Amino acid sequence: MLLYRGLLAGLVVASFLIPGEFRAQQAPPSQAAGMGGGIAGGVGAAPVYDEQKRPITAGGFVDSGPVMFADITKAAGLSGWTHKMGSPEKKFIVETNGSGVGLIDYDNDGWLDIYLVNGSTFDALDGKEEPPHSALFHNNHDGTFTDVAAKAGVTNDRWGYGVSVADYDNDGWPDLYVGNYGKNRLYHNNHDGTFTDVAEKAGVTLGNWSPGSAWGDYDGDGRLDLYVTGYVHFDRGNLPVAGTKAVGYAFCQYRGVAVNCGPRGLRGEPDHLFHNNGDGTFTDVTVRAGVEDKDRYYGFTAIFVDVNGDGKPDLVVGNDSEPNFLYINKGDGTFDDQSYVSGFALNKDGREIASMGVAVGDYENTGLLDFFVTDFGDDYKVLYHNDGDASFTDVSYKAGIAQTTIPFVGWGDGFIDYDNDSWLDLFMVNGHVYPEVDQHDWGTTFAERSLLFHNEQGKKFQYVPPMKGSALAIVTPARGAAFGDLFNDGKIDVVINPIDGPAILLRNVNPDQHHWVEMKLVGGPKSPRDAVCSTVYLKANGVRQRQDVLASGSYISANDQRLHFGLGDASDPGTAEIHWPSGLKETIKLPAADRIYTITEGQGITAALCNGKPCSNNATAETQSPARTGKP
């Protein structure tokens, strides 16, 4: 969240002169003696304004152009729910980071529902006011949603941050893990529209500040294990107030103005890896597995995904203002920390970034996964290109992304093929953390607009300017975002969870007539039931695309686990090569485009949806016998 790294009094005050150029300046003698110092000091990049002299973060609109997304929040029934996190003044860092979004088909009706995590207030924690409630919006199949969180038992009523979705007990029903400031929740799906919090029994509550979580079967026993990130150790008995012992007597300033302190200078919370015991309980194996966060970096988003293509889930962690983690699975129950040697720990200038959101996708259609990581303002957002063998290069400027993103404070992000042309585009949501920016002429705003980049066939990304009055022109202090096909129409939609505001639902209305195909995978007896960390390569339309089933991503959020492939003008959906977590590999010829197929490990296609309903043509739904290789 915070890239401006003036350290504590007596050390250095950081200054940014130009994005990509970092210079540390020694504190003046009075500061070195304890009179000052900074946690968030520095000179920002030159402000960018549009023709109307508005900061580009809340301007830059064009009068005409295509409309890719429509704001249907009110019509869909989501506008009545509001996120709340602390006071409007944001005096403490715990009030600034916002919350995630989880897309989950909790009732197994084939339609995605929306889980929106809510924050809280100190008064609510103290029982002085009713706590804000998280929302579970049930998909009514008609373009509208109904909040059933209270009935379902998932209001949380704690200070909520992140969410991940996974069927941790392999019963065929998706569960929710919610990271909080305070004890975390593990909501077990009861199969009847309700959930039960079993975190205490499972041993995964932790207890201070755990924003992110990830699921993956790291040891190959067919059960999903849980990784939880730790952020700042926030002690209400020793609040991080500028000039006090809690922050080393440092000043906490942004561009010379007093703001809330952190995360730099504050004690961090460690990450944890929990092994699934198969009996509803988990065991902390962090040290044994080699993923101990010894320096207590400020962890946000974590993702289990097979980075090097060996069939074993690796672990990616975005850390705020600290080097990122990349743990490569060794296949023996342990991981090798390749954060630095891989090139993922730092950007091209050798600097750590303020990693918030992590998008995973093969944007060049090479079969290799790349990462796009959002960052604080006055610095570019980083596109890590996979060079093979789990080695990465920062290609942000070469790809045409860096310069446009510099003024924005980025959060949720996703690789999505919004126009179904077979190439993954980039979507990111933005919003500042300091309300004070609206009181100064710094060329930035607290509420910011989203950014969309169109993929030019893997060679470069083209910025898509927001048309005036369109959904891309919405200005909001965004945080979490999740991406998925909410209307079963083959187009990827976006759900945004802003801080202190109503949720935003952007429906994909791009006018293209391209074909597509989606797959819901169901694991066999030796794989996790929800097939998390499966990989599918689809050969169609002259390209070979890759998609992975993930339980987490974006900014502490969870996207649609169904795999989506745009086909362009091709009506032949091609052939899917499925790599299951068990090690089994299957090849399945898909019979028709514009369908959502359910594919069960070892059984082939077991169901299909056409226009959101079971296909009437048996030829599109009948089981296709898969060609099998690998483990049984």
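Among contacts between residues at least 6 apart in sequence, 62% join residues at least 24 apart, where contact means heavy atoms within 4.5 Å. This is a predicted model, in which local features need pLDDT of at least 70, side-chain atom pairs count only at pLDDT 80 or more, and totals for chains, interfaces and linings use all residues. Residues are numbered from 1 along each chain as its sequence is written, and side-chain values use heavy atoms, with hydrogens and water left out.

On to the overall build. The protein has 8 helices and 44 strands; these are DSSP runs numbered from the N terminus, helices being H or I with at least four residues and strands E with at least two. The C-alpha trace spans about 80 × 55 × 50 Å along its principal axes. As for burial, 65% of the 632 residues count as buried, meaning under 20% relative accessible area with a 1.4 Å probe and protein chains only.

Now for the inside. The largest nonpolar core has 57 residues, and Leu186, Trp215, Tyr227, Leu521 and Ile599 have the most contacts inside it. A nonpolar core here is a set of buried Ala, Val, Leu, Ile, Met, Phe, Trp, Tyr and Cys residues joined through side-chain atoms within 4.5 Å. Take Leu186: leaving aside neighbours within four places in sequence, its contacts include Tyr168, Val198, Trp215 and Phe282. There's also a second, separate core of 52 residues, with Val232, Ala354, Tyr418 and Ile496 among them.

Not counting residues up to four places away in sequence, Gly299 touches Pro211, Thr229, Gly230, Tyr231, Gly318 and Asn319. Trp209 is 90 residues away from Gly299 along the chain, yet their C-alpha atoms are separated by 9.9 Å.

Most residues other than glycine have a negative phi, and most peptide bonds are trans.

| Residue | Phi | Relative accessibility |
|---|---|---|
| Asn420 | near 55° | 1% |
| Ser422 | near 85° | 1% |

Asn420 is found in that loop, between β26 (410-416) and β27 (425-430), and Ser422 lies there as well, between β26 and β27. Asn420 counts as buried, and Ser422 is buried too.

Elsewhere, a cis peptide bond joins Gly262 and Pro263, with omega about 0°. Pro263 has its place in the loop between β15 (257-258) and β16 (272-276).

Key
Buried means under 20% relative accessible area, exposed over 50%, partly exposed in between (1.4 Å probe, protein chains only).
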